[in-house]
Every structure is written in structure tokens, then in C-alpha cells.
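Here is a short briefing to read alongside the sequence and the 3D view. Take a moment to look the model over, and then let's walk through it together.

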Amino acid sequence: MLLGVLGVCWWQVDAWSGALSDADPKEVTGHIRRGRQIARWVSVALVLTLAGSVALFVGLLLTNSHSGSVPSLIWSRDIYEAASVLAVATIVIGGIWAGTRLGPRFDGEAAPAAD
């Protein structure tokens with residue numbers, strides 16, 4: 001869901017960046033600034049998602065570390081959960097990278113003058 005929201009932000013910033021000659025520069029600047037702000041919040045949510053995944057992994061390790069379990073079964077669950085954390089980390093890194101790519105297209109502080 002978060003990557004979908006980020007994609008919509010990317011699409012909107014791109015669309016409004018191309019509308020500089022057709023619309024009021026203040027309106028364009030406002031839409032682009034809003035898209036970037038939402039992308040920043042998505043990046044924060046992605047980091048929180050990664051933190052939750054890591055916390056789940058740590059909790060699983062702590063839960064499975066008691067001495068009453070069969071050791072050969074514990075590590076297999078740990079490997080699957082570690083792979084899940086790595087997958088979430090990959091998605092988070094990709095999402096944050098995509099969110100930072102919104103910046104170079106248009107500087108919202110200095111809108112070019114419309115002719």
C-alpha cells in the first residue's frame with residue numbers, strides 16, 4: 001500500500017511539473033510541495049514498517065530461545081523470519097530511494113515564470 005501511495009505521489013509530481021506553462025505557478029508549486037510532503041510521510045511509514053519487522057524477528061528469537069524446544073526446528077523458523085526482514089528492508093530501501101527521486105525534477109521554492 002505504501003509503495004502504491006508513493007507511486008501516486010511520483011505520478012502527481014511528474015504531471016504537475018509538466019503543467020508549469022498551462023497553470024498558475026503558485027497552484028503548481030502547492031501541488032508539487034504536497035506530493036513531496038506525502039512522499040516524506042510514506043518514507044517515515046516505511047521505516048516504521050521495517051522497525052516493526054525487526055521487532056517481530058527479535059521477538060521470535062526471544063520466544064524460541066527457551067530450552068524446552070527442539071533446536072533443529074527453531075532455526076528453520078528463524079531463517080524464514082530473517083528472510084522476511086531482508087525482504088522488507090529491500091522494499092523499504094527501494095521506496096525511500098524512489099521518494100528521494102521526486103526532488104530533482106522541480107524545485108518547489110522557485111517556480112519558473114509562466115509565459
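How many helices and strands does the chain have? The chain has 3 helices and 0 strands, where helices (H or I, at least four residues) and strands (E, at least two) are DSSP runs numbered from the N terminus. This is a predicted model, in which local features need pLDDT of at least 70 and side-chain atom pairs count only at pLDDT 80 or more, while totals for chains, interfaces and linings use all residues. Residues are numbered from 1 along each chain as its sequence is written, and side-chain values use heavy atoms, with hydrogens and water left out.

**Overall layout**
- Along the sequence, the pattern reads α-α-α.
- Of the 115 residues in the chain, 29% are buried; buried means under 20% relative accessible area, exposed over 50%, and partly exposed in between (1.4 Å probe, protein chains only).
- Contact here means heavy atoms within 4.5 Å; among contacts between residues at least 6 apart in sequence, 76% join residues at least 24 apart.

**The nonpolar core**
- A nonpolar core is a set of buried Ala, Val, Leu, Ile, Met, Phe, Trp, Tyr and Cys residues joined through side-chain atoms within 4.5 Å.
- The largest one has 13 residues, of which Leu-6, Ile-32, Ala-39 and Leu-102 touch the most other members.
- Helices α1 (2–17), α2 and α3 each supply at least two residues of this core, and α2 gives the most, with 5 residues.
- Leaving aside residues up to four places away in sequence, Ala-39 touches Leu-6, Cys-9 and Leu-102.

- Phe-57 lies in helix α2 (residues 25–63), and its contacts, not counting residues up to four places away in sequence, are Asp-78, Glu-81, Ala-82 and Val-85.
- The C-alpha atoms of Phe-57 and Ile-79 are separated by 9.9 Å, with the two residues 22 apart along the chain.
- Trp-97 belongs to helix α3 (residues 71–100); from C-alpha to C-alpha, Trp-97 and Ser-43 are 9.1 Å apart, although 54 residues separate them in sequence.

**Exposed tryptophans**
- Trp-97 counts as exposed because its relative accessible area is 52%.
- Trp-41, in helix α2, is exposed too, with a relative accessible area of 57%.
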